[in-house]
Amino acid sequence: MVSVSLNFKIEKDLKVEFQKLAESMGLTTTSMLTMYIRRCVDDQAIPFLLENRKKNE
């Protein structure tokens, strides 16, 4: 399987928290993001509920 890079920008603090979470689970950020993307593709859906917060206020 050929691997490619996927680049995007996120807030610095969010990246740090994500890295800490990954490390606490014995994973890397790359492996966690790959699992998320694989789940989206396999299920053909986002694996969590999206809501309009303004609608609920």
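**Close-up views of a predicted model**

View 1. The side chain of Arg-38 meets that of Asp-42 in a salt bridge, with a distance of 3.2 Å from N to O. Both residues belong to helix α2, where Arg-38 and Asp-42 are four residues apart, which corresponds to about one turn of the helix.

**View 2. Arg-39 and Asp-43 in helix α2.** A salt bridge also joins the side chains of Arg-39 and Asp-43, and here the N to O distance is 2.6 Å. How far apart are Arg-39 and Asp-43 in helix α2? They are four residues apart, so about one helical turn separates them. Arg-39 counts as partly exposed, with a relative accessibility of 48%, and Asp-43 is likewise partly exposed, with a relative accessible area of 42%.

**View 3. Lys-20 and Glu-17 in helix α1.** Lys-20 forms a salt bridge with Glu-17, and the closest N and O atoms of this pair are 3.7 Å apart. Both residues lie in helix α1, three residues from each other, or about one turn of the helix. Glu-17 counts as partly exposed because its relative accessibility is 48%. When the whole structure is searched, three salt bridges are found.

View 4. Which helix gives the largest share of the nonpolar patch? That share, four residues, comes from helix α2, which spans residues 29–43. With 42% relative accessibility, Ile-10 counts as partly exposed.

**View 5. The largest pocket and its lining.** Rolling a probe the size of a water molecule over the atoms shows where empty space is left. The largest pocket has a volume of about 910 Å³. It is lined by 23 residues, and those closest to its centre are Leu-6, Thr-30, Leu-33, Thr-34 and Ile-37. The elements that contribute two or more residues to this lining are α1 and α2, and α2 provides the largest share, eight residues. By residue type, the lining of the largest pocket divides into twelve nonpolar, seven polar and four charged residues.

**View 6. Gln-44 in a loop.** Gln-44 has its place in the loop between α2 and α3, the latter being residues 53–56. Its phi angle is near 55°, which is a positive value in a residue other than glycine. Is Gln-44 buried or exposed? Gln-44 is exposed, with a relative accessible area of 67%.

View 7. Lys-9 lies in the segment before α1, and with a relative accessible area of 83% it is exposed.

Note on methods: Residues numbered from 1 in each chain as written. Predicted model: local features only at pLDDT ≥ 70, side-chain atom pairs only at ≥ 80, totals over all residues. Heavy atoms only, no water. Buried < 20%, exposed > 50% of the residue type's maximum accessible area, 1.4 Å probe, protein only. Salt bridge = Lys/Arg side-chain N within 4 Å of Asp/Glu carboxyl O. 1 Å grid on protein atoms, 1.4 Å probe; cavity = no way out; pocket = protein on both sides within 12 Å on 5 of 7 lines; lining within 4 Å. Points joined across faces, edges and corners; volume = space filled by probe spheres on them. Nonpolar A, V, L, I, M, F, W, Y, C, P; charged D, E, K, R; others polar.
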